[in-house]
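Here's a quick briefing to read alongside the structure. Have a look at the fold first, then come back for the details.

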Amino acid sequence: MRLAKFKGPKDLAKTFSKEVSLELFRRICLCRNFELNVKRAISGKKIPRIFTYLSLGQESATSAISLSFPDTMTWPSFVPRFGQHRCHDLYLCYGASPEKLRDELLGLPIGCAGGMGGSASIHSPETGMFGHDGHMGTQVKIGVGYALGSGLKTLIVMGDASAEEGYVLGALGEAASKKAPTLFVCMDNNLSILTEVKVRRSWTMSDEAKAKGMPAYDVPDDPWFIMDCVTKLKDKLPAFLNIHYCRELWHEGPGCDGPPEWNRYELVKTQLIFLGLKSEVEMIENSTAHYIENLWEDVLSPIKERV
Ligand SMILES: Cc1ncc(C[n+]2csc(CCOP(=O)(O)OP(=O)(O)O)c2C)c(N)n1
Ligand SMILES: [Mg+2]
């Protein structure tokens with residue numbers, strides 16, 4: 001059933017410039033390699049064992065959003081964005097410092113949230129990212145308030161379970177009534193920890209958002225499709241996108257129950273190769289892997305000296 005949700009429109013990628021597609025892939029690789037190294041570091045017991053919510057699997061969608069909302073190839077850029085616990089990718093793909101994220105996960109005072117937030121509360125006000133408080137869905141009402149107060153186009157990301165909270169539905173209603181300039185994104189991995197959507201509810205978030213009076217769509221995590229949708233929606237805010245994707249690892253920590261239902265990363269690579277970008281893909285893959293490995297390598301042994 002979920003497998004039917006992985007396809008975007010055929011040939012859409014061809015309508016984007018080579019520069020955009022490669023920048024997209026660079027951001028995807030950055031997020032992905034970062035998370036793969038966090039996974040290795042936790043598995044090797046090299047960093048403190050704090051609750052860590054890896055975003056592996058989300059990065060194609062988030063990178064696509066970062067390239068189209070608001071409208072920039074510029075990087076880093078200040079974009080107001082409110083994520084929840086699984087948001088390393090939302091932090092990284094807008095160009096916030098990977099070093100500061102690493103240091104936050106290590107619990108160091110030089111981390112992006114002063115070492116006090118940890119994985120679930122990634123905070124980077126200088127790039128517009130506001131840390132989560134740990135209560136699922138509160139970022140939605142806070143983000144709507146921010147957008148109404150500031151008038152700035154604001155990105156609010158939630159999970160498919162958080163979206164069910166009563167105050168989230170209320171905040172969507174307020175955003176629609178007051179025309180808040182918010183793009184709501186539901187990263188729908190079909191899971192609340194281990195419980196599937198079909199066990200939890202009989203309605204869809206996109207129907208809820210439509211009922212409140214905003215444009216809303218259910219889409220796969222095909223990044224070119226997402227860039228296309230966001231570009232069309234960003235002048236019709238508030239708007240809602242429910243993005244179907246696969247969480248590659250456990251809800252928390254580095255464990256894995258097996259391969260994802262579909263592998264978006266491999267699908268993106270296949271598409272880029274089809275576009276004639278094979279050598280560029282290899283170069284970006286290698287250089288990002290190297291950069292992030294160095295980033296972690298440098299810090300793992302001398303943790304104490306850096307505090
Ligand atoms: C109000 C509230 N209820 C329950 C929890 C416990 N909890 C933390 S994460 C989570 C599941 C979140 O699922 P979803 O929003 O779909 O995000 P995902 O983990 O799938 O990315 C739950 C139930 C919480 N943190 N806050
Ligand atoms: Mg979920």
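This is a predicted model: local features need pLDDT of at least 70, side-chain atom pairs count only at pLDDT 80 or more; totals for chains, interfaces and linings use all residues.

The biggest nonpolar core has 65 residues, and helix H1 supplies the largest share of it, 12 residues. There is also 1 cavity of 30 Å³ or more, and two peptide bonds worth a look are cis: Phe69 to Pro70 and Leu237 to Pro238.

**Nonpolar cores**

- Within the largest core, the members that touch the most other members are Phe34, Ile65, Phe69, Leu155, Ile226, Ile243 and Trp296.
- Helix H1, spanning residues 18–43, gives this core 12 residues, its largest share.
- Apart from that core lies another one of 20 residues, with Val144, Val168, Leu169 and Ala176 among them.
- As background, nonpolar side chains tend to be buried together in soluble globular proteins.

- You'll find Phe69 in the loop between H2 and strand E1 (81–82), and its relative accessible area of 0% makes it buried.
- Leaving out residues up to four places away in sequence, Phe69 touches Val79, Tyr94, Lys153, Thr154, Leu155, Leu183, Val230, Lys234 and Leu237.
- Pro238 itself belongs to the loop between helix H9 (223–233) and strand E8 (239–244).

**Helix H2**

- How many residues of helix H2 (residues 59–68) are buried? The count is 10 of the 10, so the helix is largely enclosed by the rest of the structure.
- That buried set includes Glu59, Thr62, Ile65 and Ser68.
- Ser60 lies in H2 and counts as buried at 0% relative accessibility.
- Setting aside neighbours within four places in sequence, Ser60 contacts Leu24, Ile28, Asp221, Pro223, Arg264 and Val268.

**Buried polar and charged spots**

- Ser21 is part of helix H1 and is buried, at a relative accessible area of 1%.
- The side chain of Ser21 pairs with that of Trp224 in a polar contact of 3.0 Å.
- Not counting residues up to four places away in sequence, Ser21 also touches Ala13, Phe16, Leu272 and Leu275.
- Glu35 is in helix H1 too, and a relative accessible area of 1% puts it in the buried class.
- Which side chain makes a polar contact with the side chain of Glu35? The partner is His88, at 2.9 Å.
- Beyond four places in sequence, the contacts of Glu35 are Tyr53, Leu54, Ser55, Leu56 and His88.
- The C-alpha atoms of Glu35 and Gly115 are separated by 18 Å, for residues 80 apart along the chain.
- Asp89 is found in helix H3 (residues 88–92) and is buried at 1% relative accessibility.
- The side chains of Asp89 and Gln58 are joined by a polar contact of 2.9 Å.
- Asp89 also touches Cys31, Ser55, Glu59 and Thr62, not counting residues up to four places away in sequence.
- Asp89 and Lys278 are 189 residues apart along the chain, with 24 Å between their C-alpha atoms.

**The cavity**

- Rolling a probe the size of a water molecule over the atoms shows where empty space is left.
- The largest cavity has a volume of about 40 Å³.
- Its lining consists of Gly57, Glu59, Asp221, Cys246, Glu248, Pro260, Trp262, Asn263, Arg264 and Tyr265.
- Sorted by class, the lining has 4 nonpolar, 2 polar and 4 charged residues.
- Asp221 and Arg264 from this lining are in contact with Ser60 as well.

**Positive phi**

- Asp11 has a positive phi of about 70° despite not being a glycine; it sits in the segment before H1.
- Asp11 is partly exposed, with a relative accessible area of 37%.
- Asn190, not a glycine either, has a positive phi of about 70°.
- Asn190 lies in the loop between strand E4 (182–188) and strand E5 (191–192), and at 14% relative accessibility it counts as buried, because the cut-off is under 20%.

Terms used: Residues are numbered from 1 along each chain as its sequence is written. Chains are lettered from A and ligands numbered from 1 in the order in which they are written. Side-chain values use heavy atoms; hydrogens and water are left out. A nonpolar core is a set of buried Ala, Val, Leu, Ile, Met, Phe, Trp, Tyr and Cys residues joined through side-chain atoms within 4.5 Å. Buried means under 20% relative accessible area, exposed over 50%, partly exposed in between (1.4 Å probe, protein chains only). Helices (H or I, at least four residues) and strands (E, at least two) are DSSP runs, numbered from the N terminus. Contact means heavy atoms within 4.5 Å. On a 1 Å grid over the protein atoms alone, a cavity is a set of points where a 1.4 Å probe fits but cannot get out, and a pocket is an open set with protein on both sides within 12 Å along at least five of seven lines; lining residues have an atom within 4 Å of a point. Grid points are joined across faces, edges and corners, and a volume is the space filled by probe spheres set on the points. Ala, Val, Leu, Ile, Met, Phe, Trp, Tyr, Cys and Pro count as nonpolar, Asp, Glu, Lys and Arg as charged, and the others, Gly among them, as polar. A polar contact is a pair of N or O atoms within 3.5 Å; within protein, one must be able to donate a hydrogen and the other to accept it, and residues adjacent in sequence count only if both atoms are side-chain atoms.
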